[in-house]
Amino acid sequence: MPETLHIVSGDLGGNNCRSAVMTFDDNEPHLEEGTYRSWKSECEEDLGIVLDRGIGDAIHDFHGRIAGASLAIAGPVDDHRIALNAPNIRCLRSRVPYDLAAEMSRRFGGENIAGNDLEVACAGEMEQGALKGKKWAMLENFGTGYGGARLFNGVAVAAEPGHMWLPNNEARCGCGKTDCTEATLSGGAIRRRIQGMHDSGAIVIPAGLDPCAFADQESMKGTEWAVNFYTGIARDIGDIWGSNLNNCPLMTDIVFMGSFLERAMKIEFFRQQVREAMLARSMFSQQHANVGIYEVSAPRLPSGESLGPLYGAASVWKRLHGERHHETA
Ligand SMILES: [Zn+2]
């Protein structure tokens with residue numbers, strides 16, 4: 001009998017480094033109960049300390065052989081090894097490009113990979129969430145930024161939809177280019193646009209209220225400016241999703257996440273406008289009539305944190321290294 005395969009999955013974001021030991025039962029990863037840990041890494045500048053506490057301690061504390069680690073980061077990763085950019089991760093941002101996989105191998109041994117956080121979230125939805133059994137789909141994240149991943153024939157692929165071209169008076173994007181979609185449609189950009197309406201005197205945001213929460217509230221009440229503003233955003237998102245369907249007509253499902261879109265999609269007219277604009281943009285009206293649009297649904301902790309990225313990091317590791325492991329086991 002081959003040895004049971006255990007790896008450590010990690011998710012290094014701007015605030016926390018989360019990890020857990022994952023055990024494979026055939027091809028399916030299972031989270032080893034009691035091994036989940038979340039460590040506040042936001043103030044730590046030393047990457048070595050973050051890797052040791054985030055990943056190393058999990059390996060050390062586990063009674064069993066760990067074959068390697070799979071660490072997701074908020075930022076693009078080349079070849080599942082090299083962090084290219086990590087503006088929100090304090091211990092990493094000044095070191096990029098940085099070969100994270102090599103550094104983990106040096107510290108911990110075994111086979112190690114790094115991945116993009118939305119790539120692994122997409123893989124996690126395929127393991128445990130809305131994309132179970134799906135092969136062609138996309139994951140869209142409208143939080144502070146706009147990111148995403150694609151499921152191409154069952155393989156989760158990191159994407160950068162936030163830096164697609166959306167002409168808008170040369171609006172400047174955080175990446176340094178102009179007219180990126182993210183500069184118009186990310187949650188952060190939408191918040192700035194609402195704040196801009198307040199600053200110009202067109203609307204009045206009550207003191208202490210978050211601009212997006214105010215716009216949500218006013219659009220649900222039917223206030224004209226808010227309904228018009230959100231209708232425009234919904235139609236832009238629908239046009240972008242429809243454009244993606246035209247690029248890859250085999251897509252059957254769209255899953256979304258992120259603080260802005262999870263709230264906005266609960267508003268009925270917003271949801272309807274997204275769908276209507278998406279279908280109007282699609283050139284395959286029959287094929288796309290029933291495209292599913294869902295919120296991510298991988299298991300969450302009581303704190304609300306999704307475990308999808310940890311399942312997904314394990315499944316990406318297995319796809320890249322699992323075959324080799326079975327041959328040598
Ligand atoms: Zn950009």
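Good morning. Residues are numbered from 1 along each chain as its sequence is written. Because the model is predicted, local features need pLDDT of at least 70 and side-chain atom pairs count only at pLDDT 80 or more, while totals for chains, interfaces and linings use all residues.

I begin with the domains, whose bounds come from an automatic or database domain assignment. The assignment gives domain 1 (5-115 + 303-328) and domain 2 (130-295). Their centres, taken over C-alpha atoms, are separated by 29 Å.

I turn now to the core. A nonpolar core is a set of buried Ala, Val, Leu, Ile, Met, Phe, Trp, Tyr and Cys residues joined through C-beta atoms within 7 Å. A residue is buried if 20 or more other C-beta atoms lie within 10 Å of its own, exposed if 12 or fewer, and partly exposed in between, with C-beta atoms placed from the backbone. The largest core has 89 residues, and Leu71, Ile73 and Cys122 have the most contacts inside it. Helix α7 (residues 224-247) supplies the largest share of this core, eight residues. At least three residues of this core come from each of domain 1 and domain 2. Helices (H or I, at least four residues) and strands (E, at least two) are DSSP runs, numbered from the N terminus.

What is Ile73 in contact with, leaving aside its neighbours within four places in sequence? The partners are Leu12, Ala83, Ala86, Ile89, Leu92, Ala114 and Asp117; contact here requires C-beta atoms, placed from the backbone, within 7 Å.

Next come the strands. Two strands pair if DSSP finds at least two bridges between them. Three strands form an open sheet in the order β6-β7-β8, with antiparallel pairing. β6 (77-78) and β8 (98-99) are at the edges with a single partner strand each, so one side of each has no neighbour in the sheet. Two bridges join β6 to β7 (residues 82-83), and Asp78 stands opposite Ile82 in β7.

Is Asp78 buried or partly exposed? Asp78 is partly exposed, because 13 other C-beta atoms lie within 10 Å.

Finally, I consider strand β13 (residues 253-257), in which four of the five residues are buried. Strand β10 (residues 137-142) runs parallel to β13 and is joined to it by five bridges, with Glu140 opposite Phe256. β13 also pairs in the parallel sense with strand β14 (residues 292-295) over four bridges; there, Gly292 is the bridge partner of Asp253.

Conventions:
Two residues are in contact if their C-beta atoms, placed from the backbone, lie within 7 Å.
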